[in-house]
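Take a walk through this structure, one piece at a time. Keep the sequence and the 3D view side by side.

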Amino acid sequence: MTTITNLAYFFNSQLIEGDEMSTDESQRYLVMTPGPVQVPQEALQELARPMIHHRTPEFEKILTRVLEKLSKVFMTDQPVFIQAATGSGGMESALVNVLSPGDKVISVICGKFGERWAEMAKTFGAEVLPLNVPWGESAKAKEIEELLKKNPDTRAVLIQACETSTAILNPIEEVSKVVARFPKTLLIVDAITALGQIPLPMDKWGLDVVVGASQKAFMLPTGLAFLSFSKKAWPFVESAKCPRYYWDIRKEKKANLARQTFFSSAVSHIRALDKVLDRILALGIEKNIHVFSAYAEATREGGRALGLVPYAKTPSTSVTALALPAGVDGEKLRDQMESKYLVTIAGGQDQIKGKVIRIGTMGDIGPKDILHTIVCLARALKDLGFNCDEGAAKKAAESVFTKQGIKF
Ligand SMILES: *Cc1c(COP(=O)(O)O)cnc(C)c1O
């Protein structure tokens, strides 16, 4: 079903079978974290190409088609902008381009990234109404609605589509229906681990600002943030009073119309993005979503068969958090996975540090990478003295692929 190549898996599977490892350091790890992720070969090749200047007809052509393709992934008729930054830069850009100091903002906090957005909004002088959700759970549209009714002067609702620290999905479609009833309120969505991985049609659902980043579902190295503003959001962009210079999207919009970026373009990243977008669009967003949701389901079922419990009540397709049995230290397990099995996974943050592991299912991976990760996880658990059934876990994951029609 997928045409995805699995170089890291190839070398790692050799290790599992006891053969010699590749000596190429660059192929050493299978990166199964929720960003960064495995970068496809065709993108790596683009990143290695000789430089061209960004104010050239050649680059202008590339930029123009990349921006068009990005709009397809965002599923919007609005322009999508590229900013040279990590995802958090995109989050900041989203805020300063629509808010003014003193604006009231509802910040949905389901985990670390929700906390970050609330902090950022405070930094720029917003009056933040936090909506705290217990870790592992998703926000409820009803609660957002109640808070909005009490505070009809709210300028924006900030929310993560997928809260990467707890691996939950928020009910964005439902929330969008609520916010749509408040003409003076924008819905601002951190879709950094969601775009391309879960259904998130910006125009159809009426999402007002959507933010993505290169090192997650876009399968590239860290360094690019993407964002788009709805028709409802553009008047906010014009009137926003937060200080903005680097992030000022009005300058970027003007430059893009002239087929350029306002500041120097991240030429190598954008050329690589061109290739990745071709891959995503060739498979189609829907199929892409289908494949990655099968990867996440297989990860959950494999984990369950090992005795680990999915932590998120409404689990994401881009990252899976697995709660560990008492006596298994998540940090040690993560280290064992990396040092002995060369599979990099993520640990838990803050209140769930040591208690969960997080496995990313984004990037250039295939079913074999999932199976390999589960087998290594079983072995690492055994190394730490936890008895589990490797064969049963592999079978559980395989049966998900069979059920979803994915060859492995
Ligand atoms: C990764 C991520 C970000 C951005 O993190 P950066 O390190 O700044 O790229 C923001 N939100 C979510 C939900 C993420 O997963």
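The model is predicted: local features need pLDDT of at least 70, side-chain atom pairs count only at pLDDT 80 or more, and totals for chains, interfaces and linings use all residues. Residues are numbered from 1 along each chain as its sequence is written, and side-chain values use heavy atoms, leaving out hydrogens and water.

Start at strand β5, residues 156–160. Strands (E, at least two residues) and helices (H or I, at least four) are DSSP runs, numbered from the N terminus. Five of the five residues in β5 are buried. Buried means under 20% relative accessible area, exposed over 50%, and partly exposed in between (1.4 Å probe, protein chains only). In a regular strand, side chains alternate between the two faces of the sheet. In β5, Ala156, Leu158 and Gln160 lie on one side, Val157 and Ile159 on the other, and both faces are covered.

Now look at the neighbours of β5. Strands pair if DSSP finds at least two bridges between them. Three bridges join β5 to β3 (residues 104–109), and the two run parallel. Here Ala156 is the bridge partner of Val105. Five bridges join β5 to β8 (residues 186–190), also running parallel. Ala156 stands opposite Leu186 in β8.

Next come two helices. The axes of α6 (residues 141–150) and α7 (residues 172–180) come within 9 Å and cross at roughly 20°. Axes are lines fitted to C-alpha atoms over the stretch in contact, with angles from 0 to 180 degrees between N-to-C directions.

Last, find Lys395 in helix α15 (residues 390–403). Lys395 is exposed, at 60% relative accessible area.
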